[in-house]
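Colleague: Please take a close look at one part for me: the aromatic pairs. Walk me through them in one go.

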Amino acid sequence: MAQTITEETAVQKVLVARAAFPDIVDRLRAHFEVQDNPDDEVWSPEGLRNALQGKVGLVATGSERIDEALLAANPQLKAVCNMAVGYNNIDVAACTARGIVVTNTPDVLTETTADFGFALMMAAARRIAESEHYLRAGKWTKWRYDMFVGPDVHGATLGILGMGRIGQAIARRGAHGFGMKVIYHNRSRLPETTEARCGARYVDKATLLREADHLVIVVPYSPSSHHAIGAVELAQMKRTATLTNIARGGVVDDAALAQALRDGLIAAAGLDVFEGEPQVHPHLLTVPNVVLTPHIASASVATRRAMANLAVDNLIAALGCGPDAGRPPTPVNPEVLKR
Ligand code: 8YV
């Protein structure tokens, strides 16, 4: 399409690493020379390195690894704008050291992601996927009193590991919508007013594991949260409990979880994120009591559009254009902007 490039930025080239809403990508064309990827080709690290040559800005998703090797091969890069709230795909320290602004997309996806986390938890507890497979397989020949019975959600104890924005939104749903007793564990305890708003009580991790009827994982991935839930933790949970992971692959040890599900250490699980996704641990694919979805917790039309728009707003501002020139709305390393 024809490009309208303003004078101030005529030379700036940017890369949109994955397919995105075309009308939102077009917003970038008003300011920059844009290379996008409408066919949504998944580039190898080398492919991304090459595509980034000469580009000062990048719109990335959680699937692109932005590491020192990529930055070293592209010293002209000034801004990396993730279309995700999580940014464990980006070596932020390396970006900061090089004066590269990193941005993410908080807030716009909170409620949608919390909706999905709740849905996945309910699907696991009430055995929705498992029973649907049974029906589709033509096995439903009669009603039975104990057919696909599972634990209740309303009135049960909801445990939340990681009490950031999304954790709080899930807590509110549980406490105020479903009459649940909500307990949480987080790196730091929330102010009392926030706890009251969420109807949630702080507990240590052992209590969380021991008391939760439904445990939802919303903690960001970092080396310190790697396998925060593994065989030892699963063994501490109730045998009737469910576990839902909408955070990141790697926070839960998927092999240990598959084993726990198989052994009946917990009742069921709901997983939207996986170690090594889009690959899924083969043992998870063969246990019936787990609901598996392909990392879609933020996938409502409105929210995905809001995420794309925010990533674009961030890139335009980070590269010194638009009304917020120099002040991207949601920087991860704002210290770079002060330099
Ligand atoms: C994204 C997510 O869709 O925001 C996040 O951190 O996990 C999802 O909402 C995914 O990371 C693609 O960027």
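**Aromatic pairs**

Modeller: Tyr134 is partly exposed, because its relative accessibility is 25%. Keep in mind that this is a predicted model. Tyr134 pairs with Phe148. Their ring centres are 5.0 Å apart and their planes stand at 75°. Over 60 degrees counts as edge-to-face, so this pair is edge-to-face. Tyr134 sits in helix α6, residues 128-136. Phe148 sits in the loop between α6 and β6 (157-161). The two residues are 14 apart, and the pair links distant parts of the chain.

The count of aromatic pairs comes to three. Another of them joins Phe118 and Phe178. Here the centres are 4.7 Å apart, with 40° between the planes. That pair is tilted. Phe118 belongs to helix α5, residues 110-125. Phe178 belongs to the loop between α7 (165-177) and β7 (181-185). The pair therefore ties together parts that are 60 residues apart in sequence. Phe118 has 5% relative accessibility, so Phe118 counts as buried. Phe178 has a relative accessible area of 30%, so Phe178 is partly exposed.

One more ring deserves a mention. Arg305 lies over the face of Phe21, 5.2 Å from the ring centre.

Notes: Residues are numbered from 1 along each chain as its sequence is written. This is a predicted model: local features need pLDDT of at least 70, side-chain atom pairs count only at pLDDT 80 or more; totals for chains, interfaces and linings use all residues. Side-chain values use heavy atoms; hydrogens and water are left out. Rings of Phe, Tyr and Trp (its six-membered ring) pair if their centres lie within 6.5 Å; planes under 30 degrees apart count as stacked, over 60 as edge-to-face and the rest as tilted. Helices (H or I, at least four residues) and strands (E, at least two) are DSSP runs, numbered from the N terminus. Buried means under 20% relative accessible area, exposed over 50%, partly exposed in between (1.4 Å probe, protein chains only). A charge sits over a ring if NZ of Lys or CZ of Arg is within 6 Å of the ring centre and within 35 degrees of the ring normal.
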